[in-house]
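Student: I have a structure to go through today. Could you guide me through it?
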Amino acid sequence: MSISIDRNRCTGCGACNRVCPGNLLALDAEGRAKSRSPRDCWGCTACLKACRFGAIAYFLGADMGGRGTTLSVASTETEHAWTFTRADGGTRTIVIDRRTANNY
Ligand code: SF4
Ligand code: SF4
């Protein structure tokens, strides 16, 4: 499991750092988020959901049929819009209602 952080989108707000259950994220000397230990990430996606700037993407590994696909999320107060981006650039978005997401 691993994430990537787009430095051009990262504002250095630190929200991802505060929610990572493994304390794996930190701000670097330039005030941008970075993973201190990518190999220890277990893909909980908490940091993706916490980032309001769409700066974090999650790699779906070959074991999950990912083949270069990344997962990102744009959140509002009521929805998470999860977008899968394939290696060829194709995308698919699934919108989840946050108010009912924990009912399943
Ligand atoms: S939550 Fe997003 S914008 Fe904020 S520090 Fe983390 S990656 Fe950067
Ligand atoms: S996906 Fe979860 S474990 Fe991995 S860096 Fe983000 S918050 Fe931490």
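Student: What share of the contacts between residues at least 6 apart in sequence join residues at least 24 apart?
Tutor: In the protein chain, 33% of those contacts join residues at least 24 apart. Contact means heavy atoms within 4.5 Å.

Student: Where does the model come from, and how are things labelled?
Tutor: This is a predicted model, in which local features need pLDDT of at least 70 and side-chain atom pairs count only at pLDDT 80 or more, while totals for chains, interfaces and linings use all residues. Residues are numbered from 1 along each chain as its sequence is written, chains are lettered from A and ligands numbered from 1 in the order in which they are written, and side-chain values use heavy atoms, with hydrogens and water left out.

Student: How many helices and strands does the chain have?
Tutor: The protein chain has two helices and seven strands. Helices (H or I, at least four residues) and strands (E, at least two) are DSSP runs, numbered from the N terminus. Along the sequence their pattern is β-α-β-β-α-β-β-β-β.

Student: Why is the chain called as compact as a globular protein of its length?
Tutor: Its radius of gyration is 14 Å, close to the 13 Å that the globule rule gives for 104 residues, so the chain is as compact as a globular protein of that length. The radius is taken over C-alpha atoms, and the rule is 2.2 Å times the number of residues to the power 0.38. The C-alpha trace spans about 35 × 30 × 25 Å along its principal axes.

Student: What percentage of the residues are buried?
Tutor: Buried residues make up 32% of the 104 residues. Buried means under 20% relative accessible area, exposed means over 50%, and partly exposed lies in between (1.4 Å probe, protein chains only).

Student: Now the sheet, please. What is the strand order?
Tutor: The order is β1-β4-β5-β6-β7 in an open sheet of five strands, with antiparallel pairing. Two strands pair if DSSP finds at least two bridges between them.

Student: Which strands stand at the edges?
Tutor: β1 and β7 (91-97) do; each has a single partner strand, so one side of each is left without a neighbour in the sheet.

Student: How many bridges join β6 to β7?
Tutor: Seven bridges join β6 (residues 79-85) to β7, and the two run antiparallel. One of the bridge pairs is T85 with T91 in β7.

Student: What holds paired strands together in general?
Tutor: Strands of a sheet pair through backbone hydrogen bonds, either parallel or antiparallel.

Student: New topic: how many salt bridges are there?
Tutor: A search of the whole structure finds five. A salt bridge is a side-chain nitrogen of Lys or Arg within 4 Å of a carboxyl oxygen of Asp or Glu.

Student: What is the N to O distance for E30 and R7?
Tutor: The distance is 2.4 Å. This pair links distant parts of the chain, 23 residues apart: E30 is in the loop between β2 (25-27) and β3 (33-35), and R7 is in the loop between β1 (2-5) and α1 (15-19).

Student: Is E30 exposed or buried?
Tutor: E30 is exposed, with a relative accessible area of 58%, whereas R7 is partly exposed at 35%.

Student: Which residue does R99 bridge to?
Tutor: R99 forms a salt bridge with D97, the closest N and O atoms being 3.0 Å apart. R99 is exposed at 61% relative accessible area, and D97 is partly exposed at 27%.

Student: Which residues are joined into one network?
Tutor: Salt bridges that share partners join R7, D28 and E30 into one network.
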